[in-house]
Amino acid sequence: MLIKEALQLGASKLANFSRNLLEAELLLAYALGVERIYLHTHFLEPLDDFTQKRFLNFIKRRQKYEPIEYIIEKVSFYSNEFYISHGALIPRPESEILVDLALQTIQKNNLKNIAEVGIGSGILSITLAKILPSCIFQASDISSEALFNAFVNKEKFQVSNLTLHKSAYLDFNGGKKKSFDLLISNPPYIKEGFILPKPLDYEPSIALFGGKRGDEILCHLIDLAYFLEIPFVICEMGYDQKESIYNYAQKFNYKNLVFYKDLAQLDRGFILEF
Ligand SMILES: C[S@@+](CC[C@H](N)C(=O)[O-])C[C@H]1O[C@@H](n2cnc3c(N)ncnc32)[C@H](O)[C@@H]1O
């Protein structure tokens, strides 16, 4: 089979997907270990048996709605290509807003010590740590698979101002107060029992479900920041959690609480200043 024929076959097998030709190209490029552009300049090159089988296997996985990012082990975030594998949440474009807001908050208030709870693949802390080499980042996750992803990406981008901890919340810091200036997190915030659409089935439930109500981890992060005297908290949240987070925050004497929206104009997160 020629590259050209493999692409036609792949695209026809993925006809249910809106970007079927692009996806076939991404899968074939990955099967061959080349950039996509190579396919266009080698249309008439034959595939060896091994590559052909590998490609058809990728197509089969995609037909079952496995996210393409897990198959090609790559995901783009903030214009960088991160490694991603099963066990870590696939970064969402809306999380780029959290990065922008964290950047503004850090720069405006001259913050230095940043903590992240639930680093996953590392996209938030690594993106920020690359842009802000004089800041010090410490991040936790309870999942070894997620931490493996974060470790691979930390090495890939040679980020030396980030330390990873296998820990729940900020337990790694032993409850010390005033250690951090900012806490960022995109924690699990889906309500337990919510029936997920098919592709989300492939993502780790530990990264998705936040408890019976869904906002339990978010509320705990607010508690933590208050008790550990962390002046700023920026979190992503569910589109329907603005009211419950607002109500929860009322038990504290905070300076400022601002909610932000995502590109679809849905409520998506908050910046809390104590
Ligand atoms: C929604 S994912 C976010 C991953 C990444 N920060 C991102 O934005 O793509 C949440 C992450 O929090 C981790 N997690 C869940 N509960 C945690 C806890 N109590 N302490 C630390 N990490 C936790 C999960 O393993 C998962 O990697």
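Analyst: Start with helix 2 and helix 4, whose crossing is right-handed. Helices here are DSSP runs of H or I with at least four residues, strands are runs of E with at least two, and both are numbered from the N terminus. A crossing is right-handed if the near helix is turned clockwise from the far one by less than a right angle, and left-handed if anticlockwise.

This is a predicted model: local features need pLDDT of at least 70, side-chain atom pairs count only at pLDDT 80 or more, and totals for chains, interfaces and linings use all residues. Residues are numbered from 1 along each chain as its sequence is written, and side-chain values use heavy atoms, with hydrogens and water left out.

Helix 2 covers residues 20–32, and its axis comes within 9 Å of that of helix 4, crossing at roughly 140 degrees. Axes are lines fitted to C-alpha atoms, for helices over the stretch in contact, and angles between N-to-C directions run from 0 to 180 degrees. Helix 2 is therefore oblique to helix 4. Under 35 degrees counts as roughly parallel, over 145 as roughly antiparallel, 65 to 115 as roughly perpendicular, and the rest as oblique.

Which residues make the contact? Helix 2 brings E23, A24, L27, L28, Y30, A31 and L32. Helix 4 brings T51, R54, F55, F58, I59 and R62. Contact means heavy atoms within 4.5 Å. By class, there are nine nonpolar, one polar and three charged residues. Ala, Val, Leu, Ile, Met, Phe, Trp, Tyr, Cys and Pro count as nonpolar, Asp, Glu, Lys and Arg as charged, and the others, Gly among them, as polar.

Helix 4 (residues 49–63) also meets helix 1 (residues 3–13), with axes within 10 Å and a crossing of roughly 15 degrees. That makes the two roughly parallel. This crossing is right-handed too. A6, L9, G10 and K13 of helix 1 touch F55, L56, I59 and Q63 of helix 4. Five of these residues are nonpolar, two polar and one charged.

Now step back. The chain is divided into domain 1 (3–64) and domain 2 (87–273), with bounds from an automatic or database domain assignment. Their C-alpha centres lie 36 Å apart. An unreviewed UniProt entry lists "domain: Release factor glutamine methyltransferase N-terminal" for residues 5–72. UniProt positions follow the numbering used here, feature names are shortened, and annotations may be inferred rather than shown by experiment. Residues 5–72 are 71% helix and 0% strand, with end C-alpha atoms 20 Å apart.

Further along, the unreviewed UniProt annotation "domain: Methyltransferase small" covers residues 101–190. That span is 34% helix and 23% strand, and its end C-alpha atoms lie 23 Å apart.
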